[in-house]
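Let's take a walk through this protein together, starting with the whole chain and then moving to a few spots worth a look. Keep the viewer open as you read.

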Amino acid sequence: MLHIGGKDMSTKRKFGDRRDGHWVRDVPGLQTIMTHLMHNRTECEVYMNDTFDVTDVLKFIEKKNLEHPEYKTTLFHCFIYGAAKMIRERPNMNRFIQGRRMYQRDDISLSFVCKRRYTDHAEEALMVMVAKDEQNIDDVTKKIVGDVIETRKSEHSTGGIDAIVDALAKLPRFLLAIVVGLIRLIDYWGISPSFLTDGDPNFTTVFFSNLGSIKGPAIYHHLNNYGTNSIMVTVGTIHKAELIMPDGTKQIRDVVDIGATLDERIGDGFYFVRSLKLLKYLFAHPELMEQPLGEPSGFDYK
């Protein structure tokens, strides 16, 4: 497990708040009722899929990699940056439901799984990046590339949540069931200790699966009832497709399919679709990725 970034602790805690989020008290009645009618996250999954034109982003990446060949930017890094910037401007996407209450997460965290080796039986490492307002695409690339290299120096977990998972898996079945039951109980009440949550993708804003890195297609991946993760995104393989351009002409472009699964209780379809449009806007204007995350994108929501 690797934890990249830092946490925003600027908002004062009140009664009912969690260590990782603040209780949203002005929730519309319908959303409040939904948390009781459908209190499991997997009951509230909605699915979104889209195709991203990445032609201009790939040109941007090619130019960027000439500037720093030791830290090569990839399309996946652009998705990480784009999602962080989108969530920075669309804060309701950074909410979660736990214990039948809605919370606003304190930070923007993005997670993914890193294979230590590209073999069938190689171990996986869990990686979490906490975005900061001052970071741009170069910072994101250097953090991820540097820490992936560090992770792959070892074929086995070296600590953190990976080591905890490995240790729990060795318990007898009856004892493991008791321990997991207790972990789920303290998760419900929002009192899980940091050593159980830090670095766990189930406690992040967005959990990514980069299937394109293994030449796989984008799929729909379920959410988990455990933890606080409300958004799961899979990124597929770059391929060619014929698109109709704004001027009406047809062009063969580089595209990537994505599949997203969201907890519908944190927002509505209108909010979700607008957020997706902002992400696509960033990919259509990749020069914006040079900006710090905290700088407004200038996207027109009309």
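Predicted model: local features only at pLDDT ≥ 70, side-chain atom pairs only at ≥ 80, totals over all residues.

Residues are numbered from 1 along each chain as its sequence is written, and side-chain values use heavy atoms, with hydrogens and water left out.

Of the 302 residues of the chain, 46% count as buried (buried is under 20% relative accessible area, exposed is over 50%, and partly exposed is in between, with a 1.4 Å probe and protein chains only). The chain has eight helices and eleven strands (these are DSSP runs numbered from the N terminus: H or I of at least four residues for helices, E of at least two for strands). Now for contacts, meaning heavy atoms within 4.5 Å. Among those between residues at least 6 apart in sequence, 71% join residues at least 24 apart.

Next, find strand 5, residues 101-105, which pairs in the antiparallel sense with strand 2, residues 21-23, over three bridges (strands pair if DSSP finds at least two bridges between them). Strand 5 also pairs with strand 4, residues 95-98, again antiparallel, over four bridges. Tyr103 is a handy landmark here: Trp23 has Tyr103 as its bridge partner, and Phe96 stands opposite Tyr103 as well. The charged end of Arg18 sits over the ring of Tyr103, 5.6 Å from its centre (the rule is NZ of Lys or CZ of Arg within 6 Å of the ring centre and within 35 degrees of the ring normal). Two residues lie between strand 4 and strand 5 in their hairpin, where Gly99 takes a positive phi near 60°.

Now go inside. The largest nonpolar core has 49 residues, and those with the most contacts inside it are Phe79, Ile80, Leu110, Phe208 and Phe283 (such a core is a set of buried Ala, Val, Leu, Ile, Met, Phe, Trp, Tyr and Cys residues joined through side-chain atoms within 4.5 Å). Helix 3, residues 75-89, gives the largest share of this core, ten residues. Click on Leu110 and you'll find that, not counting residues up to four places away in sequence, Leu110 touches Ile80, Ala83, Ala84, Met127, Val128, Met129, Ala131, Val206 and Phe208.

How many aromatic pairs does a search of the whole structure find? The search finds eleven (rings of Phe, Tyr and Trp, using its six-membered ring, pair if their centres lie within 6.5 Å; planes under 30 degrees apart are stacked, over 60 edge-to-face, and the rest tilted). Phe79 and Phe283 form a tilted pair, 4.6 Å centre to centre with 40° between the planes. This pair links distant parts of the chain, with Phe79 in helix 3 and Phe283 in helix 8 (residues 269-284), 204 residues apart. Phe79 is buried at a relative accessible area of 2%, and Phe283 is buried at 1%. Together with Phe52, Phe79 and Phe283 form one aromatic cluster.

Phe203 and Tyr226 make an edge-to-face pair, 5.2 Å centre to centre with 90° between the planes. Phe203 lies in the loop between helix 7 (194-197) and strand 8 (206-210), and Tyr226 in the loop between strand 8 and strand 9 (231-235), so the pair ties together parts that are 23 residues apart in sequence.

Those two loops each hold a buried threonine to look at. Thr205 lies in the loop between helix 7 and strand 8 and has 2% relative accessibility. Thr228 is in the loop between strand 8 and strand 9 and has 0%. Leaving out residues up to four places away in sequence, Thr228 touches Arg18, Asp20, Arg41, Phe96, Arg105, Asn202, Phe203 and Thr204, and Thr205 has Arg105 and Asn229 among its contacts.

Finish at Ser192, in the loop between helix 6 (173-188) and helix 7. Ser192 is buried, with a relative accessible area of 7%. Ser192 and Arg18 are 174 residues apart in sequence and 9.3 Å apart in space, C-alpha to C-alpha.
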